[in-house]
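The sequence and the model come before the comments.

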Amino acid sequence: MRTLYIVCTLCVAVLALFFEENLLPVGFLDLTAEIRYVFDLLCVAMTLTGVFIALRLFKSKAIQEQLNSEDTGKAFEAYRKWNSLRISIIFFPIFWNLLIYYGVGFSQTAMFCLLITIIGALFCWAKSKP
């Protein structure tokens, strides 16, 4: 479970490193002002919804019932399934914001959304036991 988290984190770090070292082009998206505004709104919307859903996912009653199952095997499988979904939900906006940040040429909106999402991802570290 932690492996997926670490792999996603390393992918984000390597992608950012490639952009910073000019191995990948910066400013590869040539956008009009209207489309750039839409992309900024998408960054904000995906950040807010992604962080909210990822951090509140285990509070759902249906998921809580699966995680608190009497059978520890079923509870562990449910935890693996839902935690994988949670990591996917939190890292998709991170990748999106990173690509928009470098693609537009250092967009401040995408940068702040990226920082917010990374801070939210810190709270998605998998526990050793469900």
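The points below go from the basis of the values to the overall fold, and then to single elements and residues.

1. This is a predicted model, in which local features need pLDDT of at least 70 and side-chain atom pairs count only at pLDDT 80 or more, while totals for chains, interfaces and linings use all residues. Residues are numbered from 1 along each chain as its sequence is written, and side-chain values use heavy atoms, with hydrogens and water left out.

2. The protein chain holds five helices and zero strands, and its pattern along the sequence reads α-α-α-α-α; helices (H or I, at least four residues) and strands (E, at least two) are taken as DSSP runs and numbered from the N terminus. Along the principal axes, the C-alpha atoms occupy a box of roughly 55 × 30 × 15 Å.

3. Of the 130 residues in the protein chain, 35% are buried, where buried means under 20% relative accessible area, exposed means over 50%, and partly exposed lies in between (1.4 Å probe, protein chains only). The chain exposes about 8,200 Å², of which carbon and sulfur atoms supply 67%, with areas from the Shrake-Rupley method using a 1.4 Å probe and, for residues, only the protein chains shown counted as cover. Among contacts (heavy atoms within 4.5 Å) between residues at least 6 apart in sequence, 77% join residues at least 24 apart.

4. Helix α2 covers residues 33-56, and its end C-alpha atoms are 34 Å apart, which agrees with the 34 Å that its 24 residues should span at 1.5 Å a residue; the expected span is 1.5 Å times one less than the number of residues. The buried residues of α2 are F39, D40, C43, M46, T47, G50, V51 and A54, and their cover includes α4 (72-104) and α5 (108-122). An α-helix has 3.6 residues a turn, so residues three or four places apart point the same way.

5. Nine aromatic pairs are found in the whole structure, a pair being rings of Phe, Tyr and Trp (its six-membered ring) with centres within 6.5 Å, classed as stacked when the planes are under 30 degrees apart, edge-to-face when over 60, and tilted for the rest. Y5 and W125 form an edge-to-face pair, because their ring centres are 5.2 Å apart and their planes stand at 85 degrees. Since Y5 lies in helix α1 and W125 in the segment after α5, this pair ties together parts that are 120 residues apart in sequence. Y5 is buried, at 9% relative accessible area, whereas W125 is partly exposed at 38%.

6. Y101 and F106 also make an edge-to-face pair, with ring centres 5.4 Å apart and planes at 70 degrees. Y101 is buried at 15% relative accessible area, while F106, at 43%, is partly exposed.

7. Which residues deserve a look at their backbone angles? F106, in the loop between α4 and α5, has a positive phi of about 70 degrees although it is not a glycine. N22, in the loop between α1 and α2, has a phi near 60 degrees, again a positive value in a residue other than glycine, and N22 is exposed at 62% relative accessibility.

8. V14, L17, F18 and L23 make a nonpolar surface patch of about 360 Å². V14 lies in helix α1 (residues 2-20) and is partly exposed at 40% relative accessibility.

Note on methods:
Patches are made of residues with over 30% relative accessible area and no salt bridge: like charges are joined within 9 Å, nonpolar side chains (Val, Leu, Ile, Met, Phe, Trp, Tyr) within 5 Å. A salt bridge is a side-chain nitrogen of Lys or Arg within 4 Å of a carboxyl oxygen of Asp or Glu.
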